[in-house]
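Please walk through this structure from its domains to the contact between its chains, and then to one of its sheets.

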Amino acid sequence: MTNPNGRFGIHGGQYIPETLMNAVIELEEAYHHYKSDPEFNRELTKLFNEYAGRPSRLYFAEKMTTDLGGAKIYLKREDLNHTGAHKINNVLGQALLAKKMGKTRLIAETGAGQHGVATATAAALMGMECVVYMGEEDTIRQALNVYRMRLLGAEVIPVKTGTATLKDAVSEAMREWTSRISDTHYCLGSVMGPHPFPTIVRDFQAVISKEIKEQILQKEGRLPDVVIACVGGGSNAIGSFYHFIKNDSVRLIGCEAAGRGIDTFETAATVNTGRVGIFHGMKSYFCQDKDGQIAPVYSISAGLDYPGVGPEHAYLHDIGRAEYVPVTDDEAVNAFEYLARTEGIIPAIESAHAVAHAIKIAPTMEKNKIIVITISGRGDKDCAAIARYRGEDIHE
Amino acid sequence: MSKIKSAFENGKAFIAFITCGDPDLETTAAAVKAAVDNGADLIELGIPFSDPTAEGPVIQGANLRALSGGITTDKIFSFVKELRKNVEIPMVFMTYSNVVFSYGAEKFISTCRDIEIDGLILPDLPFEEKEEFLPTCHKYGVDLISLIAPTSENRIAMIAKEAEGFLYIVSSLGVTGMRNEIKTDLASIVKVIRENTDLPCAIGFGISTPEQVKKMADISDGAIVGSAIIKILEKYGKEAPKHIGEYVKTMKDAIK
């Protein structure tokens with residue numbers, strides 16, 4: 001889906017300082033070489049299967065299906081991966097690539113902390129140095145993940161600028177990369193940023209839809225009718241969609257974090273409330289004011305609390321191939337609790353946004369229809385924050 | 001066509017960067033005036049952006065102060081139109097791609113021509129993406145300034161050949177901000193530039209002292225100073241212009 005200049009329709013591109021241009025060109029060349037290198041792919045598959053625990057399960061949520069009384073619901077259990085989220089897929093790929101390129105140090109941004117934990121994990125495994133930038137606000141919301149990263153040997157730098165959330169962590173990681181390029185790979189966590197990141201991250205996450213396709217064909221003998229995933233930058237969503245893009249019968253639905261609602265300023269629903277802009281290396285949709293100043297977005301979910309969306313999602317929206325729907329904090333928290341009670345699965349609050357939309361549409365669909373929801377991560381990290389949301393103060 | 005080259009016709013150029021609206025536009029006007037009166041050859045006016053990814057903490061701070069003071073692109077355009085009545089030397093805007101894109105490239109760049117802004121510096125618009133704004137810049141006679149970094153290496157010739165106005169050489173890796181030492185082999189970069197263009201080139205990032213400015217101007221055609229000036233604004237606020245005047249005089253004297 002990518003053209004040679006890293007464009008997805010009008011979106012994408014490489015809007016970055018000249019200082020970084022040779023670094024992204026070097027990365028693109030290395031990726032182009034290794035993606036078809038049998039040895040690289042053998043090593044990566046081994047890491048996926050032996051270390052991360054792939055393939056992840058496609059679980060038939062029978063109780064949820066019965067309870068909602070409509071379409072059959074399957075859960076793609078990325079929460080069962082090592083480190084508890086889909087983030088590990090991309091990180092193992094990039095860390096291996098960086099190692100092949102002779103880099104000895106990984107830097108990363110993180111929102112909820114899942115990508116930071118995954119990067120720290122891969123760095124520990126491969127004997128690389130690791131520095132993670134995390135908004136100060138998020139280090140408070142996700143204190144447990146900060147501890148996990150430090151335990152894994154990474155340095156966590158709280159970012160105090162701007163809204164002290166994910167966008168500021170990305171800005172700070174980009175600044176750091178311009179100051180130290182030769183030994184450092186910026187392990188970007190989502191399908192965003194300058195080309196070739198949106199393509200590289202998508203390719204490493206595409207294993208999700210590759211497996212869903214094989215698994216559903218085996219279980220049901222046909223493709224699903226709907227695939228639903230949450231979208232911040234959009235890496236688990238593009239991973240879940242990718243191998244279905246050419247199957248027009250499969251509806252692809254991305255769930256954006258609406259925060260307190262898309263009619264308020266406290267939202268992070270980029271496709272629903274943003275407009276086309278240029279930021280963090282890419283052209284895409286961004287939440288911004290009339291002067292192009294990036295808006296201080298909000299969501300209960302630190303992982304979806306980002307004012308932009310990956311360029312391929314922007315393109316899938318433009319051509320009408322995927323739908324992007326807003327899901328509020330309230331709906332997500334309800335879905336978080338619902339899945340816990342109904343299936344005994346505590347999803348990440350990010351993934352709960354996707355569950356919430358499935359709860360809305362499943363009852364309206366016939367019983368012979370199939371919905372696949374990607375559970376991008378597990379919700380242990382969110383328990384304290386959700387308890388607070390419900391007015392209960394627990395100590396982690 | 002470009003007026004920018006006149007900035008390099010009186011010996012080595014001293015280029016001063018000032019963020020519009022930090023802390024308010026009256027102070028910006030007085031600061032520009034003080035810099036011009038004390039020998040600045042070109043003024044780089046920053047239009048603040050909420051998330052300036054190429055800036056260090058000092059200029060980030062200026063952007064935030066200006067934005068929280070209620071600055072907008074339209075206010076800056078009106079301000080520059082007034083400012084132009086008293087300032088004859090070339091002036092360029094330094095901002096981020098989204099500020100131009102969001103305003104509408106056609107409307108933004110045609111306004112630049114109307115208010116006599118001579119060029120545009122966009123640190124997040126590399127050679128590969130310049131088509132985004134270049135045709136419009138050509139249409140209205142506004143120079144799109146190219147940057148060259150310590151990591152540009154094999155790209156220098158390509159960039160220099162198609163450059164306009166002047167070449168902005170980034171002295172060091174990393175973001176803007178004062179540095180104790182500049183280690184890049186800038187003379188080699190300048191040599192490649194000279195082989196590929198007749199345009200002047202100036203060095204920026206990390207320059208704050210008279211010794212540094214002299215060293216940089218000796219290698220190239222001029223020096224750009226930003227964070228050191230913003231520091232004065234940060235320290236003295238509305239009282240900053242007279243201190244900026246003194247500072248610019250010291251720096252300009254060092255390269256005479």
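The paragraphs below take up the domains, the chain contact and a sheet in turn.

This is a predicted model, in which local features need pLDDT of at least 70 and side-chain atom pairs count only at pLDDT 80 or more, while totals for chains, interfaces and linings use all residues. Residues are numbered from 1 along each chain as its sequence is written, and chains are lettered from A and ligands numbered from 1 in the order in which they are written.

Chain A is assigned domain 1 (7-48 + 87-201) and domain 2 (54-84 + 206-389); such bounds come from an automatic or database domain assignment. Taken over C-alpha atoms, the centres of domain 1 and domain 2 of chain A are 22 Å apart. Contact here means that the C-beta atoms of two residues, placed from the backbone, lie within 7 Å. On this basis 39 residues of domain 1 of chain A touch 37 residues of domain 2 of chain A. On the domain 1 side, the elements of chain A that give two or more residues are β2 (11-15), α4 (87-100), α5 (114-126), α6 (136-141), α7 (143-151), α8 (166-179) and α9 (197-205). Helices (H or I, at least four residues) and strands (E, at least two) are DSSP runs, numbered from the N terminus. The largest share of this side, five residues, is that of β2(A). By residue class, the side has 17 nonpolar, 18 polar and four charged residues. Ala, Val, Leu, Ile, Met, Phe, Trp, Tyr, Cys and Pro count as nonpolar, Asp, Glu, Lys and Arg as charged, and the others, Gly among them, as polar.

Between the chains, 26 residues from chain A meet 32 residues from chain B. At least two residues of the chain A side come from each of β2, α1 (18-34), α8 and β11 (275-279) of chain A. Here α8(A) has the largest share, six residues. The chain A side divides into nine nonpolar, 13 polar and four charged residues.

An open sheet of four strands in chain A has the order β7-β6-β5-β8, with parallel pairing; strands pair if DSSP finds at least two bridges between them. Its edge strands, β7 (155-159) and β8 (184-186) of chain A, each pair on one side only. Neighbouring strands are turned against each other by 20° on average, direction ignored. Strand β5 (residues 105-110) of chain A pairs with β8(A) in the parallel sense over three bridges, and A:I107 stands opposite A:Y186 in β8(A).

Helix α8(A) lies across β5, β6 (129-135), β7 and β8 of chain A, at about 155° to β5(A). Axes are lines fitted to C-alpha atoms, for helices over the stretch in contact, and angles run from 0 to 180 degrees between N-to-C directions.
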